[in-house]
Amino acid sequence: MTRRLPPASDDEAVAEASPAPAAIPVATAGLACGAVPAANTAVRLVLALVAGGPGFAARLAAWLAPVVAVVGVGVAW
């Protein structure tokens, strides 16, 4: 049995943990992980606009703004 050294970087760690190494670049995977909450938030705001009107959509947008900011910083990090 041979011992393997730990990965030198986060990219190598992700590549080793992936079932298909180097098939998807880490940056692309990170972008996809950020696109999901963005699309979810956009759909929520459109539904709020349709169902409750502009006032309700504006209130919901104000409530979601801190969440969007935190997630945006997390994805950009």
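1. Threonine 41 sits in helix H2, which spans residues 26-76; helices here are DSSP runs of H or I with at least four residues, strands are runs of E with at least two, and both are numbered from the N terminus. The side chain of threonine 41 comes to 2.8 Å from the backbone oxygen of proline 37. Threonine 41 also touches Leu64 and Val68, leaving aside residues up to four places away in sequence, where contact means heavy atoms within 4.5 Å.

2. A word on the source: this is a predicted model, in which local features need pLDDT of at least 70 and side-chain atom pairs count only at pLDDT 80 or more, while totals for chains, interfaces and linings use all residues. Residues are numbered from 1 along each chain as its sequence is written, and side-chain values use heavy atoms, with hydrogens and water left out.

3. Leucine 45 is also found in helix H2. With residues up to four places away not counted, leucine 45 touches Ala57, Leu60, Ala61 and Leu64.

4. Is leucine 45 buried or partly exposed? Leucine 45 counts as partly exposed because its relative accessibility is 26%; buried means under 20% relative accessible area, exposed over 50%, and partly exposed in between (1.4 Å probe, protein chains only). Valine 71, in helix H2, is partly exposed too, at 36%.

5. For the overall picture, the protein chain has 2 helices and 0 strands. Buried residues make up 8% of its 77 residues.

Key: A polar contact is a pair of N or O atoms within 3.5 Å; within protein, one must be able to donate a hydrogen and the other to accept it, and residues adjacent in sequence count only if both atoms are side-chain atoms.
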